[in-house]
Amino acid sequence: MQDLSLHILDIAENSITAGADRIKIRIVEDIGANLFLMEISDNGRGMDKEMFEHASDPFYTTRTTRKVGLGIPLLAQSAKDCNGNLKINTEKGKGTTITATFQHDHIDRKPLGDIEKTMIVLIASNPDIDFILEHSRNSDLYILDTSEIKKELGDVPINNMEVIKIIKDDISAWLNQVNNMIE
Ligand SMILES: Nc1ncnc2c1ncn2[C@@H]1O[C@H](COP(=O)(O)OP(=O)(O)OP(=O)(O)O)[C@@H](O)[C@H]1O
Ligand SMILES: [Mg+2]
């Protein structure tokens, strides 16, 4: 996986498979603490004990199409490579939260990458799911919540091309602003 936004896409796909209708993606960059944290939480069906115990094992999957499940093990490895870790918090019937941490300035930490694309792919192909993106860098915070946008839209679907473009531009504007800031 080239960048972290692709890991996020992959982990969010698990939430979709788990039947979630609300998926929150939280990214915390705390430069002072040298921390990069990303967390994907959902209200899907959660994991039972057996699933939970095996979720980090590449040879475990509840998929029926192939025999390995790599989403979680690959992210766990990426985190470990950067002095971080991956934690799974899950409750059957309630939901799942996957949290990965990284040393922010670690030489091997992949860049966040194209998070705009990850978000619009998720939103456009799953209009019935509410997505929240919460991204903070130090004391600056950005929040995108599709349930709020849907309220404004009335009858216009969230995956309308113009709406998708507005969402993409909004995320890009935030990233430009925060990336141009002097630390
Ligand atoms: N958000 C989630 N809710 C419920 N179960 C989950 C969730 N995420 C992962 N799982 C369980 O953990 C297993 C492993 O997930 P992982 O992403 O590593 O592999 P996969 O989704 O099976 O395959 P791949 O990601 O390679 O397509 C899944 O098959 C599923 O049983
Ligand atoms: Mg997966």
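Reader: What makes up the chain in terms of helices and strands?
Author: The chain has 6 helices and 6 strands, where helices (H or I, at least four residues) and strands (E, at least two) are DSSP runs numbered from the N terminus. Their order from the N terminus is α-β-β-α-α-β-β-α-β-β-α-α. This is a predicted model, in which local features need pLDDT of at least 70, side-chain atom pairs count only at pLDDT 80 or more, and totals for chains, interfaces and linings use all residues. Residues are numbered from 1 along each chain as its sequence is written, while chains are lettered from A and ligands numbered from 1 in the order in which they are written.

Reader: How do you know that the radius of gyration agrees with a compact globule?
Author: The globule rule is 2.2 Å times the number of residues to the power 0.38, with the radius taken over C-alpha atoms. For 183 residues the rule gives a value near 16 Å, and the chain has 17 Å, so the two agree. The C-alpha trace spans about 40 × 40 × 25 Å along its principal axes.

Reader: Why is Asn 83 called partly exposed?
Author: A residue is buried if 20 or more other C-beta atoms, placed from the backbone, lie within 10 Å of its own, exposed if 12 or fewer, and partly exposed in between. Asn 83 has 13 such neighbours inside 10 Å, and therefore counts as partly exposed. Asn 83 sits in the loop between H3 and strand E3 (86-91), and has a positive phi of about 60° although it is not a glycine.

Reader: What makes Asn 138 partly exposed?
Author: Asn 138 has 14 other C-beta atoms within 10 Å, so it is partly exposed. Its place is the loop between strand E5 (130-137) and strand E6 (140-145). Asn 138 is not a glycine, yet its phi is positive, about 50°. Most residues other than glycine have a negative phi.

Reader: Why are H4 and H6 called roughly antiparallel?
Author: Angles under 35 degrees count as roughly parallel, over 145 as roughly antiparallel, 65 to 115 as roughly perpendicular and the rest as oblique. The axes of H4 and H6 (residues 161-179) cross at roughly 155° and come within 9 Å. H4 and H6 are therefore roughly antiparallel.

Reader: Which residues of H4 and H6 meet?
Author: Among them are Ile 115, Met 119 and Ile 123 in H4, and Ile 164, Ile 167 and Ile 171 in H6. Contact requires C-beta atoms, placed from the backbone, to lie within 7 Å.

Conventions:
Axes fitted to C-alpha atoms, helices over the stretch in contact; angles between N-to-C directions. Contact = placed C-beta atoms within 7 Å.
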